[in-house]
Amino acid sequence: MDSDVILVIVVATALAFDFTNGFHDTANAVATTISTRALPPRVAVGIAAILNFVGAFISLAVAATVANGIVQADLITTTIVFAGLVGAIAWNLATWYFGLPSSSSHALIGGVVGAAFAAEGSQAIQGDGLVEKVLIPAVIAPILAFIVAGIAIVIAYRIVGRLRPGPVNRGYRLGQLVSGSMLALSHGTNDAQKTMGIITLALVAHGNISESHFYIPDWVVVSSASAIALGTYVGGWRIIRTMGFRIIKMDPAQGFVAQGAGAATILAASHFGYPLSTTQTITGGIMGAGAGKRLSAVRWGVAGNIVGAWVLTLPASALVGAATYGVTRVFGTGALGPVVVALSLLSLLAAAFSRRVAAGRTLTAEG
């Protein structure tokens, strides 16, 4: 009976994380569109929510990687999965509060790795998978997006440099409807998959799915896609401000190339099953679009703070995941520990979203 209760809590917590992933990472898809006034804020967020939902059904390769490519599924319990999710949600809320674009993907992976290590030691971690599927792409993806966006903006400026700014800006704003849509779609193909993988990992741990006949149930796909879409529609306005207005003063051409570079990189990663940080990727594209114009166009102090958050994400969420597992064990191996932690987390979420509502209304009024 206790195991069934814990599984229900894990699924609910996973969907709560998916929701926070959506509102935390809304900025990935819409910040550039909003900052260049290609679309009003609420329209941009609505389109991104729909395309996030659609993108979640395109590929399940990333979900499979998260479920069985990073930790040893046979050593994982539902309590470990729950503790890892709490570590991820805590980091998402902290970085959202300070308006820092950090990786929800790495927060989730870090939380689960930390909880698994606390419970079972290093034998529970697939070191090769963690390095090859997470750490190496984490370094390469933003650099690749930076380079592609930097080269693309130089080419774009040379093509349109002698044309009148008005028609050029209008053309690039129209182009952003396409590039922004592709970015939102790519976000769904990668980020929604992580929650699917975590829920499936919990189902394996609970005995609902065997490792030899691994699959991702349809209800997991639909519920994860719905949760991230709803979170996207709610919108992480604090981070939208940072990505859209504080890194560079963005024109429509820069917005277009940043979105294009980010979407191409994320779609490629989703195809190969890499749980990429979509936040880091599009931020790299934004920085590249600014630096391609001139190096001084990038506010490097803000960029430095963002990179600092990236570096801290995995270890910080791992520590919270490990600590959460320790707290649950204080109450024994039954369901009491996860219930106590889940109720505490709900109280924190209620307080956080009451602040978010006021911030969202302010930005919508400005748009």
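1. Start with R37: at 60% relative accessible area, R37 is exposed (exposed means over 50%, buried under 20%, partly exposed in between, with a 1.4 Å probe and protein chains only). R37 sits in the loop between α1 (2-35) and α2 (41-55); helices here are DSSP runs of H or I, at least four residues long, numbered from the N terminus. Have a look at the backbone there too: phi of R37 is near 60°, a positive value in a residue other than glycine. For background, most residues other than glycine have a negative phi.

2. A word on what you are looking at: this is a predicted model, where local features need pLDDT of at least 70 and side-chain atom pairs count only at pLDDT 80 or more, while totals for chains, interfaces and linings use all residues. Residues are numbered from 1 along each chain as its sequence is written, and side-chain values use heavy atoms, with hydrogens and water left out.

3. Next, α2. The 15 residues of α2 should span 21 Å at 1.5 Å a residue, and the end C-alpha atoms are 21 Å apart, which agrees (the expected span is 1.5 Å times one less than the number of residues). Among the buried residues of α2 are P41, V45, L51 and N52.

4. Helix α4 (residues 78-97) passes the length check as well: its 20 residues should span 28 Å, and its end C-alpha atoms are 29 Å apart, which agrees. This helix is mostly covered, with 17 of its 20 residues buried. After α4 comes G99, with a positive phi near 70°.

5. Take I155 as one of the members: I155 is in helix α6 (residues 127-160) and, at 46% relative accessibility, counts as partly exposed.

6. How many salt bridges does a search of the whole structure find? Two, a salt bridge being a side-chain nitrogen of Lys or Arg within 4 Å of a carboxyl oxygen of Asp or Glu. K194 pairs with D191, their closest N and O atoms being 2.8 Å apart. Both lie in helix α7, three residues apart, about one turn of the helix, and both K194 and D191 are buried.

7. The other bridge joins D251 and K293, with the closest N and O atoms 4.0 Å apart. D251 lies in the loop between α9 (237-246) and α10, and K293 in helix α11 (residues 278-293), so the pair ties together parts that are 42 residues apart in sequence. D251 counts as buried at 18% relative accessibility, whereas K293 is partly exposed at 40%.

8. Finally, the rings. The structure holds three aromatic pairs (rings of Phe, Tyr and Trp, using its six-membered ring, with centres within 6.5 Å; planes under 30 degrees apart are stacked, over 60 edge-to-face, the rest tilted). One of them is Y172 with F256, tilted, at 5.7 Å centre to centre and 50° between the planes. Y172 lies in helix α7 (residues 165-206) and F256 in helix α10 (residues 252-272), so this pair ties together parts that are 84 residues apart in sequence.

Terms used
Helices (H or I, at least four residues) and strands (E, at least two) are DSSP runs, numbered from the N terminus.
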